[in-house]
Amino acid sequence: MNADAPRPLSRFTVIEVNDTDVPSCLRLATSLATRIAADLGATVIKIEPPAGDLVRRLPPLLPHGPNVERSALFQYLNTGKHSVVLDLESAPGIARALTLAGKADAVVFETPGRNAEALRHTRATPIEIAAFAAGMAHPGPVSEFTIAALAGLLHMVGEPDRQPLRLGGHQISYAAGLTAFTGLSAALAARSQSRVAPSVRVSLAEVAQWVNWKATSGTHAAGRSPGREGGQSEFQVVRCADGYVAVVFTVSQWPPLRDLIGDPRLADPKFATRTGRRQHVGALYAIMAPWFAARTRQDIQGQAQARGVPFGPVFTPAELLETEQYTARGFLADLSHPTLGPLRLPQLPVQWNGRSFAPHAAPGLADTPARAAE
Amino acid sequence: MTQPLAGVRVLDFGLLTAGANTSAMLADLGADVIKIESGTYPDPFRVLGKPDDTPGWWNRSPLFRFTNRNKRGVALDLKTPEGQRLARALVAQCDVVIENFRRGVLDRFGLDYAALRAINPRIVLAAISSQGDTGPERMNVSFGSTLDATSGIAALTGYDGEEPRISGMDVNYPDQVVSLFATGVVIAAIMEARRTGCGAFLDFSQREVASFLIGEEILAASADPARHDARRAGNAEGGVVLQDCWRSQDGRWIAVTVADDAAAARCGALIGALSAPLREALPAWIAARSADAAVASLLAAGIPAAPSNDGTHLIADKALAGVSLAWTQDGDLAKGLPYALDGGGVMLQRAAPDLGQHTEAVLRDLLGLSADDIAHLQAQGVTSTTPQIGDV
């Protein structure tokens, strides 16, 4: 398909308001949602304060480049957007932001931003990002990490007798960002049919709890909560010749796994059932360890997949840049940034009739005069 | 709430979380979702979560019931020519098809995109697979946490300097997030189909979705050779002065984020450790206090802090539950919405369907089949209300 053909959301305009004094974990969600919309063709106008979006200064930082451009996090979350600088602490700045929002289809902003109340009442559909459910008593300062704790996700990873662990990256903010994108898409669908679009309110705590639904489902069914099992878990990450492999398998995949490893001790009846394997998980992995230690990730994955066993070799972000599957699918886009030079980054994880949506570079600070955006 | 997808009909071949939950999110926005299973291939969640072995167990799995509320259920054996014919007839009446079979399965049923488009040019087919529909690894299988490893998330998760960690069976993180993204793209494709009369084949790779969620790390590695090795750092985070969990006097793990130097100064003043490193003084301070007291004091000093909750806390905390959990009229629990729409949560129109519960109503109302036709299908085994499988 023609890479220059109009993108699916190209009829829509979305305003992203970056108010000051907002926790960065909320901003990451806002920015991911509108980045997806921008890559799908929406005109996204990002309203930044004079000092710039706070994410411009957050790590990981690239080795070279101007200070307001060096953040890989910023570059990743703002592809394809236009930037307009407005002082949202001044009356003219606020008026101009509201004018821009009034001409748009949707406006994405954070609560508690100082202008949240006004932004709820423009002609654009409000997409609001918050830390907690509406109506909760003011919960005080937040971070992604403390929200992960409250939502029960921390409790699920790590060793039972050691501190719980967060997942790497910004999973709480990003899960909320994906959610806000879907809410935005639903709102645009309603508007394009001349229906009243619902307002959308996304909270990081609720999304994290929604993602962690098996904790509540399991607690409701069993009367006690599932939690991190660490070394007692049926699935373990084991060392191999050139790194690590996640050992994952279902009940029906146990026989092919057992035959793959080929150690006669695995035929012991104590390993024949899932209950038995869980009871003797230490012994099970002690028997399997040498097989993994003697092989590379590629060898292990090849042999396991041939038997339909879903082992997962652990790849680092740097290794993913070279992955054959990602290269073959063109998942990683090459982007020439005006000041940073060549960058390689994931594009939207969907192919639409075979088409990928190559991202355009994130804007510099004050790239677009406010008048031009109007 | 207004229903953005009222009038949209979805044929749902989705299984487990990734596929079935994408359809559930469309149902929650007002779409009429018809879930297709069969006795020979029921949704594996009916089996994985089965509470006991007494007859009807396949309709009682909490995992299945959590995920499939607001759908109708039809049993059609797609391995039979008649089951395939009826599925194709349903495609003519639908706007969207969702599937997360292994690659090639839909083709074998004669339900590949080319076949669907010939029946209904406006159809949107969302294919959600482990690796995507193309590439050398397209046939690879995965199960939940396989993708924690292959996406790069596991390489960034783990105790300081120790081995990588996966989210595990009870989270299966990569399965949860794909529907949050796929639903929005499907809605965009429905809009395009309405506008242009042309549907779309949407090819989602779950592994790519998971890698997309650590994209800044991949971007940084592309520009900085020094970032070749990924190192686990426990709960620490770049640019954050101090972040971890420590145990309170009453045995709870307390998560604390000391974001910057100003927060570190406030924290030092609070705990009376103006000279000692926070890393040593803060754990001792928390260990000498109850969870409630420690969290309250830290929050009052402007420092994010929270206890590490488990499922029992979540169920008890109705404010935190908010819209993302829903209690049914008979006291059962189901998945809610990830967002509040017009300030509200999910509207539970119906409980998750029993296997084949709506076969007769759907085939009658949408395809005009008679009671005799349906009895004949039942006798031939094309439809059924009981599973014929064991483990998955």
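Q: Which residues is A:F315 in contact with, leaving aside its neighbours within four places in sequence?
A: In this predicted model, A:F315 contacts A:L320 and A:T323 of its own chain, together with B:T150, B:G152 and B:A155 of chain B. A:F315 lies in the loop between β9 (312–313) and α13 (317–320) of chain A.

Q: What makes A:F315 count as buried?
A: A residue is called buried if 20 or more other C-beta atoms lie within 10 Å of its own. A:F315 has 26 other C-beta atoms within 10 Å, and is therefore buried. Its C-alpha atom is separated by 8.4 Å from that of A:Y244, which is 71 residues apart from it along the chain.

Q: How do you know that A:P310 is buried?
A: The threshold is 20 or more other C-beta atoms within 10 Å. A:P310 has 25 such atoms within 10 Å, so A:P310 is buried. A:P310 is placed in the loop between α12 (297–306) and β9 of chain A. Apart from neighbours within four places in sequence, A:P310 is in contact with A:V248 and A:F249, and with B:V141, B:S142, B:F143 and B:T146 of chain B.

Q: Why is helix α8 (residues 213–222) of chain A called largely enclosed?
A: Nine of the ten residues of α8(A) are buried, so the helix is largely enclosed by the rest of the structure. The buried residues are A:W213, A:K214, A:A215, A:T216, A:S217, A:G218, A:T219, A:H220 and A:A221.

Q: What covers the buried residues of α8(A)?
A: The cover includes α7 of chain A, and from chain B it includes α3 (62–67), α14 (311–316), β10 (325–327) and β11 (333–335). Just after α8(A), A:G223 takes a positive phi of about 80°.

Q: What makes helix α7 (residues 204–211) of chain A mostly covered?
A: Eight of its eight residues are buried. Among them are A:L204, A:E206, A:Q209 and A:W210. Over chain A as a whole, buried residues make up 56% of the 374 residues.

Q: Why are α6(A) and α8(B) described as roughly parallel?
A: Helix α6 (residues 171–192) of chain A packs against α8(B) at an angle of about 20°, with the axes 8 Å apart. Angles under 35 degrees count as roughly parallel, and α6(A) is therefore roughly parallel to α8(B). The crossing of these two helices is left-handed.

Q: Which residues make the contact of α6(A) with α8(B)?
A: The α6(A) side includes A:L178, A:F181, A:T182, A:S185, A:L188 and A:A189, and the α8(B) side includes B:V177, B:L180, B:F181, B:G184, B:I187 and B:M191. By class, the residues of this contact divide into 13 nonpolar, six polar and no charged.

Q: What makes up the contact of α1(B) with α8(B)?
A: B:A18, B:N21, B:T22, B:M25 and B:L26 of α1(B) meet B:D175, B:V178, B:S179, B:A182, B:T183 and B:V186 of α8(B). By class, six of these residues are nonpolar, four polar and one charged.

Q: How many residues does each chain bring to the contact of chain B with chain A?
A: Chain B brings 126 residues and chain A brings 114 residues. On the side of chain B, α8(B) gives the most, with 13 residues. By class, that side has 68 nonpolar, 40 polar and 18 charged residues.

Q: Which residues have the most contacts inside the largest nonpolar core?
A: They are A:L184 and B:L202, in a core of 237 residues. Helix α8 (residues 173–196) of chain B gives the most to this core, with 14 residues. Not counting residues up to four places away in sequence, A:L184 touches A:V14, A:A33, A:A37, A:A106, A:V108, A:I127 and A:V200.

Terms used: Residues numbered from 1 in each chain as written. Chains lettered and ligands numbered in written order. Predicted model: local features only at pLDDT ≥ 70, side-chain atom pairs only at ≥ 80, totals over all residues. Core = buried A, V, L, I, M, F, W, Y, C linked by C-beta atoms within 7 Å. Buried ≥ 20, exposed ≤ 12 C-beta atoms within 10 Å, placed from the backbone. Helix = DSSP H or I, 4+ residues; strand = E, 2+ residues; numbered from the N terminus. Contact = placed C-beta atoms within 7 Å. Nonpolar A, V, L, I, M, F, W, Y, C, P; charged D, E, K, R; others polar. Axes fitted to C-alpha atoms, helices over the stretch in contact; angles between N-to-C directions. Parallel < 35°, antiparallel > 145°, perpendicular 65-115°, else oblique. Left-handed = near helix turned anticlockwise from the far one by under 90°.
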